[in-house]
Structure formats: C-alpha cells, structure tokens
Amino acid sequence: MTALTRRTLLKGSAIASAAAAVPAGAAALRQAGLVVFDSRLPESLAFARTAGAVRTLDLAAEHYAHFATIRSGVPQGKSLEGLTRWSDWVSLRSELESHGWRVTAEQVAAPRQRLLRWSMARR
C-alpha cells in the first residue's frame, strides 16, 4: 500500500480535471470522426479514453504524419475533437483551416499545461 503524497494527490486531480474537460454533451464526441490527443499528457490521454470515438490520433506516436492522417482519416460529415497543447493546436488549426475545416468550439481546459479542448467541422 502506498502512502498518500502530494504528488499522487496532484496526479489524481489532473486526471479528474481531464474528465471535467469533456463537455456535458458527451454524445457529440461519439459522433466525432476522429479524436486527437497526446498520450504524453495524462489529461489528454484520459480525454481520449473517455471520448468513445472509433478513431483516435495520438500526436506523440504519429507526430511526423498527423496532418496526412487527419486529412485522410475523417469520414464525411464527422467532426474532429481534441485536447492538445496550445502549440499543437496552433499548427493543427492552421493546416486544417486551409483544407476546409472550421473551428466550432475552443476552450482552455488546463491552463497550467496550456491544454485546449477544441472541435472542428468541415465547412
């Protein structure tokens, strides 16, 4: 049995806050064509696990080819959902907007980690 330390308490809080980042309309996530996350970040990983989407894209594992994967991997009429760092969001948003995607929601989910919860849909 491990002792309750400040570190374990903070880790538990981080995962709990990731669950809170999932919007009340979680049914919308089940309609998502693709969920984008970063497995290096506990909050983002928890988000992907609770999203319930069929397809996911882990930026940590597929960073070199994520634009091509997103462009080719989202079924028509479906949305993109994500919980990523600000820097990843900026590059993803710029690239996807140039290919006909538009932002439908954007919210700061974890200010300290600069994580954003976002959604995009085809124009």
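Which side chain does Glu 81 meet in a polar contact of 3.2 Å? The partner is the side chain of Ser 79.

## About the model

This is a predicted model: local features need pLDDT of at least 70, side-chain atom pairs count only at pLDDT 80 or more, and totals for chains, interfaces and linings use all residues. Residues are numbered from 1 along each chain as its sequence is written, and side-chain values use heavy atoms, with hydrogens and water left out.

## The sheet

Here we have an open sheet of five strands, in the order β2-β1-β3-β5-β4, with mixed pairing. Strands are DSSP runs of E, at least two residues, and helices are runs of H or I, at least four, numbered from the N terminus. Two strands pair if DSSP finds at least two bridges between them. At the edges sit β2 (56-58) and β4 (101-110), each pairing on one side only.

Strands β3 (residues 80-85) and β5 (residues 115-122) run antiparallel, joined by six bridges. In that pair, Arg 85 stands opposite Leu 115 of β5.

Helix α3 (residues 42-51) packs on the sheet and touches β1 (34-37), β3 and β5; contact means heavy atoms within 4.5 Å. The direction of α3 makes about 165° with that of β1, using lines fitted to C-alpha atoms (for helices, over the stretch in contact) and angles from 0 to 180 degrees between N-to-C directions.

## Glu 81

Back to Glu 81, which is found in strand β3. Glu 81 is buried, with a relative accessible area of 5% (buried means under 20%, with a 1.4 Å probe and protein chains only).

How values were computed
Buried < 20%, exposed > 50% of the residue type's maximum accessible area, 1.4 Å probe, protein only. Polar contact = N/O pair within 3.5 Å; in protein donor to acceptor, adjacent residues only side chain to side chain.
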